[in-house]
Amino acid sequence: MNQPIPTSLAPAQVPAEAKRPMYTPAGLVGDTPVLWIGEPFTAAGRGFWVKLEGRNPGGIKDRAALYMVRAARERGRLLPGARIVESTSGTLGLGLALAGATFGHPVTVVTDPGMEPLMTGLLTAYGAEVDLVDTPHATGGWQEARRHRVQELVAVHADSWCPDQYNNPDNVAAYAPLAHEIVAQLGRVDTLVVSVGTGGHSAGIASVLRGLFPHLRVVGVDTTGSTIFGQPAAPRLMRGLGSSIHPRNVAYDLFDEVHWVAAPEAVWAARRLARDHYATGGWSVGAVALVARWLTRTLPPEDRIVAVFPDGPQRYVGTVFDDAYCREHGLLGDLPADDPDRIAHPGERIVTRWTRCTHVTDPLATAHAYGLTGAAR
């Protein structure tokens, strides 16, 4: 028998249990899954675990953006409704757009022509203003040019605030929960493989894990042409890792070794992961995976290796996963070597392919010791 149709309905209510933070956009950040990567990407019987930070709404830097903004508000450095202005190659911009929507702040992100159109479109869709610099700095490249533009915009907008992700210790503290998630998911960690850009997530995760596992091996992954670990600056195709400046958040004392990876090598690994494991990402993911793959072959089989994948593949459809783009930039056709080159110290020679160094020092500290601060920049 048909039931009568009600003529009036009570207003829709959010269930009481749905008021918890996980039902807000910011509540979607964190508790990302881990995945085992084995053969065919690795040799039979070997493999490594990956923390899939691409499962956050915008990527790994959602964690830092929310934490830095929340901390600045609590300290009174970011006033209600004030504008947030920051330099980014993309992923932090998405996190800041999320933080702006969460806490009620307009957001301006300063970037350069290397940002993918897809990323620019997403940032605009999420309400961020995108400010594009058109000329690289003479010595600091696009990064320094972006930072100068940030300073100009902060001066123009009253009460605006810049997170300064490169030097803000809150960018490091934001990743302690990620480290604890790894421990809860996997227990023991013997080797951590992390990309290094601003230094935030590498320092934040490694410092917590080293405190829990004193014999932890920390392997940093950089890009050729980056100055972070003492190589001279050079034009860099890869984004998301590497730097043409020296971020103070990089915790050099935590690293046991560093690997520089070139763009074609990262592309090979990212594409191979996509084909074989349906889990991949862009430049950082490819570079980290290549190094982790090698470690599975060279470390004892019982060594538990954990790699952090900062984002997913979506933003790289027009670059890493686009054949025309990759052919234009000479990124296809060459398989990575089975083993990295080796240098005794970062200043031994300029590296142009996958290279390993177990002598890790702060290049600025070395420059000060020899009175070469200007040259180091």
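Figure 1. Two strands are paired if DSSP finds at least two bridges between them; helices (H or I, at least four residues) and strands (E, at least two) are DSSP runs, numbered from the N terminus. The model is predicted, with local features requiring pLDDT of at least 70 and side-chain atom pairs counted only at pLDDT 80 or more, while totals for chains, interfaces and linings use all residues. Residues are numbered from 1 along each chain as its sequence is written, and side-chain values use heavy atoms, with hydrogens and water left out. Strand β7 (residues 217-223) and strand β8 (residues 257-261) run parallel and are joined by five bridges. Within this pair, glycine 220 is placed opposite valine 258 of β8. The open sheet has eight strands in the order β1-β2-β9-β6-β7-β8-β11-β10, and its pairing is mixed. β1 (34-37) and β10 (341-342) are its edge strands, each pairing on one side only.

Figure 2. In the segment before β1 lies aspartate 31. The phi angle of aspartate 31 is near 55 degrees, a positive value in a residue other than glycine. The loop between β1 and β2 holds proline 40. The peptide bond leading from glutamate 39 to proline 40 is cis, and its omega is near 15 degrees.

Figure 3. Helix α6 lies across β1, β2 (48-52) and β9 (305-309), and runs at about 135 degrees to β2. Axes are lines fitted to C-alpha atoms, for helices over the stretch in contact, and angles run from 0 to 180 degrees between N-to-C directions. The axes of α6 (residues 176-186) and α7 (residues 200-212) come within 7 Å, crossing at roughly 50 degrees. The two helices α6 and α7 are therefore oblique to each other (angles under 35 degrees count as roughly parallel, over 145 as roughly antiparallel, 65 to 115 as roughly perpendicular and the rest as oblique). Their crossing is right-handed, the near helix being turned clockwise from the far one by less than a right angle. On the α6 side, the contact is formed by Ala176, Leu178, Ala179, His180, Ile182 and Val183, and on the α7 side by Gly204, Ile205, Val208, Leu209 and Leu212; contact means heavy atoms within 4.5 Å.

Figure 4. β3 runs parallel to strand β4 (residues 107-111), and four bridges join the two. Isoleucine 84 is found opposite valine 107 of β4.

**Figure 5. The crossing of helices α1 and α2.** Helix α1 (residues 61-74) and helix α2 (residues 91-103) have axes that come within 8 Å and cross at roughly 45 degrees. α1 and α2 are therefore oblique to each other, and α1 passes α2 in a right-handed crossing. α1 contributes Lys61, Asp62, Ala65, Leu66, Met68, Val69, Arg70 and Arg73 to the contact, and α2 contributes Thr91, Leu92, Leu94, Gly95, Leu96, Leu98, Ala99, Thr102 and Phe103. By class, this contact of α1 with α2 comprises ten nonpolar, three polar and four charged residues.

**Figure 6. The packing of helices α8 and α9.** The axes of helix α8 (residues 263-277) and helix α9 (residues 283-298) are 7 Å apart, and the helices pack at an angle of about 85 degrees. α8 is therefore roughly perpendicular to α9. Ala263, Glu265, Ala266, Val267, Trp268, Ala269, Ala270 and Leu273 of α8 meet Trp283, Val285, Gly286, Ala287, Ala289, Leu290 and Arg293 of α9. The residues of this contact of α8 with α9 divide into twelve nonpolar, one polar and two charged.

Figure 7. The protein has a mean pLDDT (the predictor's confidence in each residue, from 0 to 100) of 91, and 91% of its residues reach 70 or more. Over residues 4-19, pLDDT stays under 50, and the model has three contacts beyond four places in sequence for this stretch. The pLDDT is also below 50 over residues 368-377, a stretch with seven contacts in the model beyond near neighbours in sequence.

How values were computed:
Nonpolar A, V, L, I, M, F, W, Y, C, P; charged D, E, K, R; others polar.
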